[in-house]
Amino acid sequence: METGIIIAVIVLFLVWRMKPTKGVKSISAHQLKQELSDSNKVFIDVRTPGEFKARNIKQFKNMPLGSDLSKLPKDKEIVVICQSGMRSAQACKQLKKLGYEKVTNVRGGMGAY
């Protein structure tokens, strides 16, 4: 009985953590390739500097998770990527809390690109 409750709590926690943030658009790596030339978007990579240095997309600026995201322009759409989509989802959540309206997460991150 107790084990079942613990497993249920863990499952609920994981589902809650993976739930997309309200108001955050999600795009695939394929869709991202079509949007890279859009000058009305700011592209942010929230991976570590080492990960960014090893492989990156030239339009993206490296701002590791935990950086001051409030310096980004609020009048442009912010497109966020990481390695798998988990850290970028966290960054998108932070951007929404900071009042950014147009925020997009790249599903699957660099692993899918």
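Which residue with a positive phi follows α4? Gly99 does, with a phi near 100°.

## Basis of the model

This is a predicted model, where local features need pLDDT of at least 70, side-chain atom pairs count only at pLDDT 80 or more, and totals for chains, interfaces and linings use all residues. Residues are numbered from 1 along each chain as its sequence is written, and side-chain values use heavy atoms, leaving out hydrogens and water.

## Helix α4

Helix α4 spans residues 86–97, twelve residues in total. Helices (H or I, at least four residues) and strands (E, at least two) are DSSP runs, numbered from the N terminus. From first C-alpha to last, α4 reaches 17 Å, close to the 16 Å expected at 1.5 Å a residue. That expected span is 1.5 Å times one less than the number of residues.

## The buried side

Ser88, Ala91, Cys92 and Leu95 are the buried residues of α4. Buried means under 20% relative accessible area, with a 1.4 Å probe and protein chains only. These residues cover an arc of only 105° around the axis, so they lie on the same side of α4. The arc is taken from the directions from the helix axis to the C-beta atoms.

The buried residues of α4 pack against β1 (24–27), β4 (77–81) and β5 (103–106). Contact here means heavy atoms within 4.5 Å.

## Cysteines

A disulfide is a pair of cysteine sulfur atoms within 2.5 Å. By this rule, the count is zero. Cys82 is in no disulfide; its nearest cysteine sulfur, that of Cys92, is 9.0 Å away. Cys82 counts as buried because its relative accessibility is 0%. Cys92 has 1% relative accessibility, so Cys92 counts as buried too.

Technical notes. Buried means under 20% relative accessible area, exposed over 50%, partly exposed in between (1.4 Å probe, protein chains only).
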